Amino acid sequence: MLDRERITAQLNSSRFVQGLIFGDYTDSTNSQVREMALHGATGEVTMIVERQTAGRGRRGRAFASPEGGLYLSTLIHPTEPVNPGLITCRAAVAGARAIESLCNLKIDIKWVNDLFVNRRKVAGILAEGVLSPTGQLTAVVVGIGINVAGNLPAELESIATTLAQEGATLSREDLAAAFLNEWEAVQTNQDFMDEYRRRNLVLGKEVTVVQGDRVYTATAVSITDSGHLVVDTADGQRELTSGEVSLRL
Ligand code: BTN
């Protein structure tokens, strides 16, 4: 079982302590935290579990969540209109910093929400808005899944890895605390986009853009301050938002 005390003892502020929920397993921490928000949770809620039975990724995909990983979702209540894509960028930077603070691996980001190590995916982020019955954005659930250790499904072997497989042995509690500390820090720091761009694997590369039924190749040229990806295509430049597309490197 995850040791609550080991996490809370390392938090830089008491902000997350009261709303920390631990579990052995659940379907999806994002789904659970979202339910809480829909039922009126207004404070800080952070759920951490040891495995998920129905972990979710972007665009309706499953996120493999075997024992040994860290699966964490936290809730924010924006006071002004937010761009969910930028929240994802913030969380990606926080996740990359947290992992690097505990081991010697270099963490790259693949636009928009994937963390990579040695060219394989090691973590993913899913930010989801919670809407009121009148369509107002009342909260955002930000979930991160990090493959710390454990056995990933065989079919992911060529594209995903764990920190342990890459030679880093680290405690999930230390990683959870490091993520929450970095997540808190990145909320107040507006300068995270340069780091997001610097860590990105896609810039200057040819990528395959999957947009509904359309699939085309393009060259990724820049990432705007709003977190959009600018690509050069045969028909000129296009600006892609995270909701629209997925990318293959
Ligand atoms: C992706 O790879 O597309 C995003 C993966 C996000 C996974 C995390 S694990 C914690 C939280 N709960 C979920 O069901 N998804 C996110």
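**Exercise 1.** In this predicted model, determine the hand of the crossing in which H3 passes H4, and classify how the two helices lie to each other.

*Solution.*
Step 1. The crossing of H3 past H4 is right-handed.
Step 2. Identify the residues that form it. H3 contributes Ile87, Arg90, Ala91, Val93, Ala94, Gly95, Arg97, Ala98, Ile99, Ser101 and Leu102, and H4 contributes Asp174, Leu175, Ala178, Phe179, Glu182, Trp183, Val186 and Gln187.
Step 3. Sort them by class: the contact of H3 with H4 has twelve nonpolar, four charged and three polar residues.
Step 4. Take the axes. Those of helix H3 (residues 84-102) and helix H4 (residues 172-188) cross at roughly 135° and come within 8 Å.
Step 5. Angles of 65 to 115 degrees count as roughly perpendicular and those over 145 as roughly antiparallel. H3 and H4 are therefore oblique to each other.

**Exercise 2.** Carry out the analysis for H3 and helix H5 (residues 192-199).

*Solution.*
Step 1. The axes of H3 and H5 come within 10 Å, with a crossing angle of roughly 70°.
Step 2. An angle from 65 to 115 degrees counts as roughly perpendicular, and H3 and H5 are therefore assigned to that class.
Step 3. H3 passes H5 in a left-handed crossing.
Step 4. On the H3 side the contact is made by Leu86, Cys89, Arg90, Ala92, Val93, Ala96, Arg97 and Glu100; on the H5 side, by Phe192, Met193, Glu195, Tyr196 and Arg199.
Step 5. By class, the contact of H3 with H5 has eight nonpolar and five charged residues, and no polar ones.

**Exercise 3.** Describe the surroundings of the ligand, starting with how many residues surround it.

*Solution.*
Step 1. The ligand is surrounded by 21 residues, of which Ser28, Gln52, Arg56, Arg58 and Lys121 are the closest.
Step 2. Look for polar side-chain atoms facing ligand oxygen. An N or O atom in the side chain of Ser28 is 2.7 Å from an oxygen atom of the ligand. For Asn113, a polar side-chain atom lies 3.2 Å from a ligand oxygen atom.
Step 3. Turn to ligand nitrogen: a polar side-chain atom of Thr29 is 3.1 Å from a nitrogen atom of the ligand.

**Exercise 4.** Locate the backbone features at Val112 and Arg59.

*Solution.*
Step 1. The peptide bond from Trp111 to Val112 has omega near 10° and is cis. Val112 belongs to the loop between strand S4 (107-110) and strand S5 (114-117).
Step 2. Arg59, although not a glycine, has a positive phi of about 55°. The loop between strand S2 (46-52) and strand S3 (70-76) holds Arg59.

Conventions: Residues are numbered from 1 along each chain as its sequence is written. This is a predicted model: local features need pLDDT of at least 70, side-chain atom pairs count only at pLDDT 80 or more; totals for chains, interfaces and linings use all residues. Side-chain values use heavy atoms; hydrogens and water are left out. Axes are lines fitted to C-alpha atoms, for helices over the stretch in contact, and angles run from 0 to 180 degrees between N-to-C directions. Helices (H or I, at least four residues) and strands (E, at least two) are DSSP runs, numbered from the N terminus. Angles under 35 degrees count as roughly parallel, over 145 as roughly antiparallel, 65 to 115 as roughly perpendicular and the rest as oblique. A crossing is left-handed if the near helix is turned anticlockwise from the far one by less than a right angle, and right-handed if clockwise. Contact means heavy atoms within 4.5 Å. Ala, Val, Leu, Ile, Met, Phe, Trp, Tyr, Cys and Pro count as nonpolar, Asp, Glu, Lys and Arg as charged, and the others, Gly among them, as polar. A residue is near a molecule or strand if one of its heavy atoms lies within 4 Å of it. A polar contact is a pair of N or O atoms within 3.5 Å; within protein, one must be able to donate a hydrogen and the other to accept it, and residues adjacent in sequence count only if both atoms are side-chain atoms.
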